[in-house]
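Let's walk through this one together, a piece at a time. Have the viewer open and follow along.

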Amino acid sequence: MSALRARGLRKSYGALEVVSGVDLAVAPGECFGLLGPNGAGKTTTLKLCLGLIEADSGDIELLGEPVPKRARKARARAGVVPQFDNLDPDFTVEENLVVYARYFGIDSTDISARIPALLDFAGLAGRGDAKIMALSGGMKRRLTLARALVNDPQLVFMDEPTSGLDPQARHLIWERLRRLTQEGKTLVLTTHFMEEAERLCHRLAIMDRGRIIAEGSPRALIAEHIEPQVLEVHGPGYEAWMERAKGLAPRVERVGDTVYCYGEDVEPLLKTLSGYLSYLHRPASLEDVFLKLTGRDLRD
Amino acid sequence: MRWIAIWRRNMLVWRKLAAAAMLSNLADPLIMLFGLGYGLGVLLPSVQGMSYIAFFAAGQLCTATMFTASFESMFSSFARMHGQKTWDAILHAPLTIDDIVAGEIVWAASKAWLTGSTILGVAVVFGLASSPWVLLALPAAFLVGLAFASVGLIMCVLARGWDFFSYYMTLVMTPMMMISGVFFPAEQLPAPLLAVARALPLYHGVQIVRPLIAGGPPSGLWLHIAVLLAYAAAGYAGAIYCARRRFSS
């Protein structure tokens, strides 16, 4: 049985189809990533899965409950970390957890017993009385994550969990998310940080213009779509060099003033570099897959 | 009864800011009551057999209740819905927009009831009302609060920005206050205006509360209750409809 399964999801706003036939299946205990540029339909897909909006067609099952018909039952066993923090600014850290637990029908004594563990998980031990205003961005994010766990959910949705965080805060969130996976919780996250997806997700789907255009483990996606080596070159004379490179690498692309060469082996190309050209030689990453599949155009 | 969690959330915030909240809800109406009541009262020894200040106290109780319910369900609810995104957070729990609408309306009515009953308490302390009949003004104040909270919440879920509420306040609430028998008997209005007043909830609230303060049973009580209940029910249904539309996109 899947923790989350969606078939043939479609959702339009006016003439614009935001989700155009999405199929998803997330196994229990899996960390699943939904990647895509801005406006790809990721957040709308999450909202559909939670039963917050109704699909025009298709069906969804979340934790064994049909959505939206029994979305309330499903949400009782799920957690959500929204894209933008919506902690209650009038409350302290601890009150935020107590009040949120009440929305799940959990009474104050039950949640009070769990609060030390939740604060500890959020790295906020001893900060229960702190005001929300006094928290840093990373602390707020971690508290939002702890808040999503008040009902001890089986599955947690996370919409861009580390957007806007500094590297230290981001690494701490990643560590906590891995801990949740080890505890057996299913995670569904959207992101456009490829590094995040590569590190955390067992499996991911790349979404663009309302459709899923590729799916698999991060390594499998890289192996399937991209040559293993990448050489990025820029600097004076790069245009002339590019003409030479075309004969030596299977795929050569120019983006602005940078030349990207992809291949099994880019050693021969390295030998041709001379003069003032700067270069970066690196293994192919998920970001290359992403840019290849979704294009390099800006999505505003 | 899932909405109680939302009512309790608002209550917890209110408890932290109770002094300021009470002051802002009560200071204005009480200053008006004593200022106008004793000031004008000298010129008007008796209105409908009551001292002017006792007459005005009934109107002021209902008006203050209306304002508290309306401000809470418009401005405060809008801040929670739009600015703080508190409603979005609640919707991620096993609660629905219907639960939120119910919780917000009952909360605003509760806060309005507190305003109304405090003004009633002041009226009793100052000897403006002394009969046990005034106790019935307590449920009446809640009903007035419920009617205005429901209508106010429609405004809240329709609003795209803060300015939107000015229309309702200036074009609906202020004229309603003038024609509903708050400051002077509505019966002295021209017939068409009186007919308009009779279709509005504030008039019926005043018609219930004033006889109770005078010390007797209101006439036509069930009609007044029915109109207030109709506003509360229609407002609730309208708020649910508009909130569902807003949150389904």
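In this predicted model, the cover over the buried residues of H10(B) includes helix H5 (97-125), helix H6 (137-158) and helix H9 (201-214) of chain B. Which residues of H10(B) are buried? They are B:His224, B:Val227, B:Leu228, B:Tyr231, B:Ala232, B:Gly235, B:Tyr236, B:Ala239, B:Ile240 and B:Ala243. As for H10(B) itself, the helix spans residues 221-247, 27 residues in total. From first C-alpha to last it reaches 38 Å, close to the 39 Å expected at 1.5 Å a residue.

Now hop over to chain A and find the open sheet, where four strands run in the order E12-E13-E11-E14 with antiparallel pairing. Strand E12 (251-255) and strand E14 (278-283) of chain A are at the edges with a single partner strand each, so one side of each has no neighbour in the sheet. From one strand to the next, the twist averages 20 degrees.

Further in, E11 (residues 229-234) and E13 (residues 258-263) of chain A pair over six bridges, in the antiparallel sense. A:Val230 sits opposite A:Tyr262 in E13(A). Lying across E11, E12 and E13 of chain A is helix H9 (residues 238-245) of chain A, which runs at about 15 degrees to E13(A).

Finally, where the chains meet, 21 residues of chain A are in contact with 20 residues of chain B. On the chain A side, H3(A) gives the largest share, five residues. That side divides into 13 nonpolar residues, one polar and seven charged.

Key
Residues numbered from 1 in each chain as written. Chains lettered and ligands numbered in written order. Predicted model: local features only at pLDDT ≥ 70, side-chain atom pairs only at ≥ 80, totals over all residues. Contact = placed C-beta atoms within 7 Å. Helix = DSSP H or I, 4+ residues; strand = E, 2+ residues; numbered from the N terminus. Nonpolar A, V, L, I, M, F, W, Y, C, P; charged D, E, K, R; others polar. Expected span 1.5 Å × (residues − 1). Buried ≥ 20, exposed ≤ 12 C-beta atoms within 10 Å, placed from the backbone. Pairing = 2+ DSSP bridges. Axes fitted to C-alpha atoms, helices over the stretch in contact; angles between N-to-C directions.
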